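Subject: Structure handover and findings

Hello,

Here is the structure you are taking over.

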Amino acid sequence: MSEWWKSPLVWAATGRKIVELFSSLLIKAASKLSVSFRKMARSLIALFRIGFAFFGRKKRLSLVLSAWRVFLSEGISGLRRELMRFANVCATYEDWIDLNGTLSSKDRDAIRRHISKLPSHPLISVVIPNCKGSEVWLRHAIESVSGQLYPFWELCIACDASLSQAICRLLEGYAQSDQRIRLIWTNASEAGGGLSNLALESVQGEFVTVMDCDAELAQHALYMIATTLENQSDLDLIYSDEDKLDEVGRHFSPNFKPDWNPDLFLGVNFVSRLVVYRTALVRSVGGFRRGYEGLEDWELALRVTEVIPHTHIHHVPYILYHGRIMKGVGSASIGSEPKFLLAAEEMLSEHLVRTRKSGEVFVTADGSLHIRYFFPSPPPLVSIIIPTRNGLDLLRCCINSLRKKTKYPRYEILVVDNQSDDPGTLNYLRQLREAQVVRVLQFDAPFNYSAINNFAVKEAHGSFVCLMNNDIEVISEGWLDEMVSHAARSEIGAVGAKLLYPDDTIQHAGVLVGMGGCAGHLYAGLPRDAEGYMGRARLTQNLSAVTAACLVVRRSVYEEVRGLDEENLSVAFNDVDFCLRVLERGYRNLWTPFAELYHHESASRGREDSPEKQKRFQRELSYMQQRWGYLFNNDPAHSPNLSLSMSYPQYALNPRTTKPWLEYIS
């Protein structure tokens, strides 16, 4: 007799079936509970499903013991936090969609009630500029518009002479069935931009958006636009998150976007779809331009954003647009074909001319776009400030690499000696002083990173300041040129670099505010050439904060915010606090991947391993949470749909968003 029941495959399959049955029962029970409890229950169900389906016995036991330890030390709130963190790490996008991307009948009823209460109902025109595709997907596209919960729309479909008779009959049938659907005919066969302009001339809506003929709008897409306008009526450009659909309707590849990020937008069209414009504004800038087929959406958005205040641009952090990708068919990305790269270079060069900015556009070896801005002539003097206490080998490596590999022509090096007592270090500092290679300043007081740098800035001669740890090693000669070129821009505050561990993994690719309860480094531990989420580890972008291990800023900005906080943040988080105060003053902080340096992190100061250091760390953490806690869940450079628990963005099963229709649920 076969002992089939001993097979691990049988037990695994049986276990999965039991978990699925248990999950479905819990979901039915949870549906009768409150929304918040239901979300938590479904998150835990996703966790159980993943854990029991994929982990072995030892791993399951380890998870249980770890959860028990957290519960004993931090109670139910700590246990919930750790369970959610684990679930976020393991969750798939299908889990996320199941929890957050599906409207219930109660949601739809509440949205209809909210629409009826809106003080105004702006007409939104949806344009489909090209119908050359599958009849099936065209039906889906049209019906995703006609099925909108927000009824104040019109659909304008541009039709040219090349359409098949079947498509023409299909379109005429929809137009006859709903007077809000209008067909705009032309005898010419034109590219997408020309057809979009043809439709744009006849739209009647106060706002307009363009969608592909095989895409779909989420059922609440136009409602979310309308309710956003209810809260801020002067908006000119509104964009949402998006994902992709395959040929069987499965959702994948979500693009969870940041809030408006001007420098990132010059490297990639992250706005993409869904994007809604004020119609008069699109017409005033001339609509879509010929010659940029494949990039026309990005090119139009560039011209629009050049003429409106950034406060008139708004991000709606919901998946409202579903693009279609069929098996074996991909959409053209900026790095897919040389012709797109050449067109993008030309497009960005024209942008620099129109905005009167001096710079050059380059395409990097990996296909990324890099704008190299010109710094003033003559180059401003940069004061590189390096605090140290002993650490001879690190300091020597730092100084030597600076002198040998820095191409930038005008800089001074200030080494701030904080009570060094190692004879070798003291002798090295004396040699540097005598050779007039650096200026050596004495700071004879207990270690206070903020106070040391503030003291040195007062002694500096440069109009630009570079804060640098003594465990930094220069890699590429153009690092300071790159950082100064950005720091010299009037709208930019602090500029951070891409820092690498000696094993060529990423140590710092910007700071995520809110990670781990305060702040953490993005993409830490990933390979040097990692793309990052949506390619962002390779692109210049605005971030809320960067590390002061290598930070360049205009001296005037440093002094405007009164430098680092030496009273409350002597060691930890002073750079994050500094950057947030710079942000608060209206500047944009920036991180560039085109300035690379090695960072032997904390090799000189050591770790927070003594009771005294841990007490000080907790005190500084508490100060940050009190001062900046309101930002910890709302970092504008990070999506609220992504978790704050990991250095690499993961899906947040419990997004930090607020559904505007919740108060209308009966």
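Overall

Please keep in mind that this is a predicted model. The protein contains 20 helices and 23 strands. Of its 666 residues, 53% are buried. Taking contacts between residues at least 6 apart in sequence, 77% join residues at least 24 apart.

H6 and H7

Helix H6 covers residues 135-146 and helix H7 covers residues 165-177; their axes come within 11 Å and cross at roughly 15°. Since angles under 35 degrees count as roughly parallel, H6 is roughly parallel to H7. The crossing of H6 past H7 is right-handed. On the H6 side the contact is made by Glu135, Leu138, Arg139, Ile142 and Glu143, and on the H7 side by Ala166, Ile167, Leu170, Leu171 and Tyr174. Sorted by class, the residues of this H6 and H7 contact are seven nonpolar, three charged and no polar. As background to the spacing of such contact residues, an α-helix has 3.6 residues a turn, so residues three or four places apart point the same way.

Helix H13 runs over residues 338-354, and its 17 residues should span 24 Å at 1.5 Å a residue. Which residues of H13 are buried? They are Phe340, Leu341, Ala343, Ala344, Met347, Leu348, His351 and Leu352. These buried residues pack against helix H12 (296-306), strand E10 (359-363) and strand E11 (369-373).

The axes of H12 and H13 come within 11 Å, with a crossing angle of roughly 10°. That angle makes H12 roughly parallel to H13. Trp298, Glu299, Leu302, Arg303 and Glu306 of H12 meet Met347, Leu348, His351 and Arg354 of H13. By class, the H12 and H13 contact has four nonpolar, one polar and four charged residues. Three of the H13 residues in this contact, Met347, Leu348 and His351, are also listed as buried.

Backbone geometry to check

Most residues other than glycine have a negative phi, and most peptide bonds are trans. The following places depart from one or the other of those patterns.

Cis peptide bonds:
- Arg273 and Leu274 are joined by a cis peptide bond, with omega about -5°. Leu274 is in the loop between helix H10 (262-265) and strand E8 (275-278).
- Ser377 and Pro378 are joined by a cis peptide bond, with omega about 0°. Pro378 sits in the loop between E11 and strand E12 (382-388).

Positive phi:
- Arg356, which follows H13, has a positive phi near 60°.
- Asn390 has a positive phi near 60°. Asn390 lies in the loop between E12 and helix H14 (392-405). With a relative accessible area of 16%, Asn390 falls under the 20% limit and is therefore buried.
- Arg562 has a positive phi near 65°. Arg562 is in the loop between helix H18 (555-560) and helix H19 (574-584). Is Arg562 buried or exposed? At 77% relative accessibility, Arg562 counts as exposed.

Two further loop residues

Thr540 is placed in the loop between strand E20 (519-521) and strand E21 (541-542). Its relative accessibility is 11%, so Thr540 counts as buried. Leaving out residues up to four places away in sequence, Thr540 touches Asp263, Leu264, Glu482, His486, Leu590, Trp591, Thr592, Pro593 and Phe594. Asp263 and Leu264 in that list fall within the 262-265 range of H10.

Asp503 lies in the loop between strand E17 (492-500) and strand E18 (506-508). At 55% relative accessibility, Asp503 counts as exposed. The C-alpha atoms of Asp503 and Pro527 are separated by 9.0 Å, and the two residues are 24 residues apart along the chain.

Regards

Methods
Residues are numbered from 1 along each chain as its sequence is written. This is a predicted model: local features need pLDDT of at least 70, side-chain atom pairs count only at pLDDT 80 or more; totals for chains, interfaces and linings use all residues. Side-chain values use heavy atoms; hydrogens and water are left out. Axes are lines fitted to C-alpha atoms, for helices over the stretch in contact, and angles run from 0 to 180 degrees between N-to-C directions. Helices (H or I, at least four residues) and strands (E, at least two) are DSSP runs, numbered from the N terminus. Angles under 35 degrees count as roughly parallel, over 145 as roughly antiparallel, 65 to 115 as roughly perpendicular and the rest as oblique. A crossing is left-handed if the near helix is turned anticlockwise from the far one by less than a right angle, and right-handed if clockwise. Contact means heavy atoms within 4.5 Å. Ala, Val, Leu, Ile, Met, Phe, Trp, Tyr, Cys and Pro count as nonpolar, Asp, Glu, Lys and Arg as charged, and the others, Gly among them, as polar. The expected span of a helix is 1.5 Å times one less than its number of residues. Buried means under 20% relative accessible area, exposed over 50%, partly exposed in between (1.4 Å probe, protein chains only).
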